[in-house]
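Biologist: I would like to learn how to read a few features of a protein model, one after another. Could you take me through them slowly?

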Amino acid sequence: MTDSKNINNPVGQGGGQRKRLSRAERQNNGPHRNLDRRNAADQKAELVRKMREKAAAAENAGQAGDDTAQS
């Protein structure tokens, strides 16, 4: 029996047919990584939104304090 050196060639692998793997999937960059990136982007967007809200609240509080000091 010949040993296959090509991962996409199931000859000699044993265990039946194997799914053909794209280059990205062989490098662990498959569809699951796209989901991970999307989740990371969502988390980052949420964090940025929270930080902007805090900054706006602090700015509004600072302006309110300035108005009372002048009157």
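Modeller: Let us start with burial, where a residue is called buried under 20% relative accessible area, exposed over 50% and partly exposed in between, using a 1.4 Å probe and protein chains only. In this predicted model, buried residues make up 3% of the 71 residues. Local features here need pLDDT of at least 70 and side-chain atom pairs count only at pLDDT 80 or more, while totals for chains, interfaces and linings use all residues. Residues are numbered from 1 along each chain as its sequence is written, and side-chain values use heavy atoms, with hydrogens and water left out.

Biologist: How many helices and strands are there in the protein?

Modeller: Helices (H or I, at least four residues) and strands (E, at least two) are DSSP runs, numbered from the N terminus. The protein has two helices and zero strands.

Biologist: And how many salt bridges does the count come to?

Modeller: A salt bridge is a side-chain nitrogen of Lys or Arg within 4 Å of a carboxyl oxygen of Asp or Glu, and the count here comes to two. Arg49 pairs with Glu46, their closest N and O atoms being 2.4 Å apart, and Arg49 also pairs with Glu53, where the closest N and O atoms are 2.5 Å apart.

Biologist: Where do Arg49 and Glu53 lie?

Modeller: Both lie in helix α2, four residues apart, which is about one turn of the helix. Arg49 and Glu46 are three residues apart in helix α2 (residues 31–70), so about one helical turn separates them.

Biologist: Is Arg49 buried, exposed or partly exposed?

Modeller: Arg49 counts as partly exposed because its relative accessibility is 38%.
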